[in-house]
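These are my notebook entries on a few local features that I looked up. The sequence and structure are shown first, and my notes follow.

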Amino acid sequence: MPEMTAKKKCCKDKPRCKKCPVVLKRLADAGCAERLDLRHYVVDKKVKKKVLKQARER
């Protein structure tokens, strides 16, 4: 998942989906993704499973 577009609105799943804007923002804050503009992110290919799990939890 090198380049991703965030969804407009969270679907409120548990755990959150990978394209949720909250998950992508958390990955960017953790240093695993870079925000290009409002909804587009460049995500590292090798995101650790622990980091992704923590970003997706509700």
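**The loop and its backbone**

I looked up Lys12 and found a relative accessibility of 63%, so Lys12 counts as exposed; the class is buried under 20% relative accessible area, exposed over 50% and partly exposed in between (1.4 Å probe, protein chains only). This is a predicted model, in which local features need pLDDT of at least 70 and side-chain atom pairs count only at pLDDT 80 or more, while totals for chains, interfaces and linings use all residues. Residues are numbered from 1 along each chain as its sequence is written, and side-chain values use heavy atoms, with hydrogens and water left out.

I then placed Lys12 in the loop between β1 and α1; helices (H or I, at least four residues) and strands (E, at least two) are DSSP runs, numbered from the N terminus. Its phi is near 65°, a positive value in a residue other than glycine.

I next noted that Pro15 lies in the loop between β1 (3-5) and α1 (21-30). The peptide bond that joins Lys14 and Pro15 is cis, with omega about 0°.

**The cysteines**

How many disulfides does the structure hold? I recorded zero disulfides, a disulfide being a pair of cysteine sulfur atoms within 2.5 Å.

I checked Cys17: the closest cysteine sulfur, in Cys11, is 4.0 Å from its own sulfur, which is too far for a bond. Cys17 is buried, with a relative accessible area of 18%.

I also checked Cys32, which is in no disulfide; the nearest cysteine sulfur, that of Cys20, is 16 Å away. Cys32 counts as buried because its relative accessibility is 14%.
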